[in-house]
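Hi everyone, thanks for coming.

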Amino acid sequence: MYETITRAAEVSFVHKKIVGARGEFAKVLLRLEPLPAGSGLQFINDATDEAMPAKLVEGVRDGVQEAAKIGVLARHPVTDLRVTLVDGAYRDVDSDRRAFSLAAREAFRDGMRKAGPKIQEP
């Protein structure tokens, strides 16, 4: 069994944390859209290079793929949707790939809840 969504949703998430003397910061704006059965999980980067350097986009992709392993309804893998990175923000000192992975995971989960999740029967 798999989970998917029934409608599109946009969600923004900011990961902000102080770890010792250093902080963590990542902001992502994701759009989730349903796709036809059998399409799998697609990731698209529509953010500008100024908003999101390539190494941070990889963190977003990693976070989305990790979050898609466990859905929000019954913990089944998520499929048949497109996730688009619309925009983001980073700080030179406080942002890294891990922070963006964490932000993307939370944004994905929030987006799934807003996008009418459903369980696909085999």
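This is a predicted model: local features need pLDDT of at least 70, side-chain atom pairs count only at pLDDT 80 or more; totals for chains, interfaces and linings use all residues.

Residues are numbered from 1 along each chain as its sequence is written, and side-chain values use heavy atoms, with hydrogens and water left out.

Okay, find Gln 120. Is Gln 120 buried or exposed? Gln 120 is buried, because its relative accessible area is 18%, and buried means under 20%, exposed over 50%, and partly exposed in between, with a 1.4 Å probe and protein chains only.

Which residues does Gln 120 touch? Leaving aside neighbours within four places in sequence, Gln 120 is in contact with Met 1, Tyr 2, Thr 4, Thr 79 and Asp 80. By contact I mean heavy atoms within 4.5 Å. With Asp 80 there's also a side-chain to side-chain polar contact of 3.0 Å. A polar contact is a pair of N or O atoms within 3.5 Å; within protein, one must be able to donate a hydrogen and the other to accept it, and residues adjacent in sequence count only if both atoms are side-chain atoms.

Let's stay with Asp 80 for a moment. You'll find Asp 80 in the loop between α1 and β5, and at 3% relative accessibility Asp 80 counts as buried. Asp 80 isn't a glycine, yet it has a positive phi of about 60°. The backbone oxygen of Asp 80 is reached by the side chain of Thr 4, at 3.3 Å.

Thr 4 belongs to strand β1 and is buried, with 3% relative accessibility. Beyond residues up to four places away in sequence, Thr 4 touches Thr 79, Asp 80, Met 112, Gly 116, Pro 117, Lys 118 and Gln 120.

Tyr 2 is in strand β1 too, which spans residues 2-5. Tyr 2 is partly exposed, at a relative accessible area of 43%. Among the residues in contact with Tyr 2 are His 76, Pro 77 and Gln 120.

Back in the loop between α1 and β5, have a look at Arg 75. Arg 75 has a positive phi of about 65° without being a glycine, and Arg 75 is exposed, with a relative accessible area of 61%.

Now the helices. Two packed helices are described by the angle between their axes and the distance between the axes. Helix α1 (residues 54-67) and helix α2 (residues 97-114) have axes that come within 7 Å and cross at roughly 40°. That makes α1 oblique to α2. For the record, axes are lines fitted to C-alpha atoms, for helices over the stretch in contact, and angles run from 0 to 180 degrees between N-to-C directions; under 35 degrees is roughly parallel, over 145 roughly antiparallel, 65 to 115 roughly perpendicular, and the rest oblique.

What makes the contact? The α1 residues include Leu 56, Val 60 and Val 64, and those from α2 include Phe 100, Ala 104 and Phe 108.

Next, the loop between β5 (81-89) and α2, where Asp 94 lies. Asp 94 counts as buried, at 18% relative accessibility. Outside its sequence neighbours up to four places away, Asp 94 touches Arg 22, Gly 23, Glu 24 and Phe 25. A polar atom of the Asp 94 side chain lies 3.5 Å from the backbone nitrogen of Gly 23.

Last stop: Arg 31, in strand β3, residues 22-34. Arg 31 is partly exposed, at 24% relative accessibility. How far apart in space are Arg 31 and Ala 9? They are 22 residues apart in sequence and 5.7 Å apart in space, C-alpha to C-alpha. The side chain of Arg 31 also has a polar contact of 3.2 Å with that of Glu 10. Other residues in contact with Arg 31 include Asp 46, Arg 82 and Val 86.

Note on methods. Helices (H or I, at least four residues) and strands (E, at least two) are DSSP runs, numbered from the N terminus.
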